[in-house]
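Dear colleague,

I am passing on the structure that you asked to look through, and the notes on what was found in it follow directly below. Please keep the structure open beside them as you read.

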Amino acid sequence: MAQNVRIIDGKKFMWDGINYESESAAKENVDKYSKDGFETKLIEEDGKYFVYSRRVAAEIKAHPNPSQREGLF
């Protein structure tokens, strides 16, 4: 079974939970995740393929005037 979390090049990647039997099947999902803005890694171990992905959260900018934040939450 794959590790749920892997640190690759100092970055945290999450396993998508699927054991792929073929590289081509795994690559299909890698392509889907990449199109959705995820950074992906394809790992092969013992003839199985595992897809790991990560996406950096968009930067949250503080509202310049705290009094105008009212009603946003």
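A salt bridge here is a side-chain nitrogen of Lys or Arg within 4 Å of a carboxyl oxygen of Asp or Glu. This is a predicted model, in which local features need pLDDT of at least 70 and side-chain atom pairs count only at pLDDT 80 or more, while totals for chains, interfaces and linings use all residues. Residues are numbered from 1 along each chain as its sequence is written, and side-chain values use heavy atoms, with hydrogens and water left out.

The whole structure holds five salt bridges. One of them joins Arg-54 and Glu-39, whose closest N and O atoms are 3.3 Å apart. This pair links distant parts of the chain, since Arg-54 lies in strand β4 and Glu-39 in strand β3, 15 residues apart (strands are DSSP runs of E with at least two residues, and helices runs of H or I with at least four, numbered from the N terminus). Through shared partners, salt bridges join Lys-11, Glu-39 and Arg-54 into one network.

Another salt bridge is formed by the side chains of Glu-45 and Arg-6 (2.4 Å, N to O), and it links strand β3, where Glu-45 lies, with strand β1, where Arg-6 lies, 39 residues apart. Arg-6 counts as buried because its relative accessible area is 14%, whereas Glu-45, at 30%, is partly exposed; buried means under 20% relative accessible area, exposed over 50%, and partly exposed in between, with a 1.4 Å probe and protein chains only.

Lys-48 and Glu-21 also form a salt bridge, with their closest N and O atoms 2.7 Å apart. Lys-48 lies in strand β4 and Glu-21 in the loop between β2 (11-15) and α1 (23-35), so the pair ties together parts that are 27 residues apart in sequence.

As for the strands themselves, β3 (residues 39-45) and β4 (residues 48-54) pair in the antiparallel sense over seven bridges, where pairing requires that DSSP finds at least two bridges between two strands. Within this pair, Leu-42 has Val-51 in β4 as its bridge partner. The two strands form a hairpin with two residues between them, and Asp-46 in the turn has a positive phi of about 50 degrees.

Thr-40, which is also in strand β3, counts as buried because its relative accessibility is 18%. Its side chain makes a polar contact with the side chain of Ser-34 (3.5 Å); a polar contact is a pair of N or O atoms within 3.5 Å, where within protein one must be able to donate a hydrogen and the other to accept it, and residues adjacent in sequence count only if both atoms are side-chain atoms.
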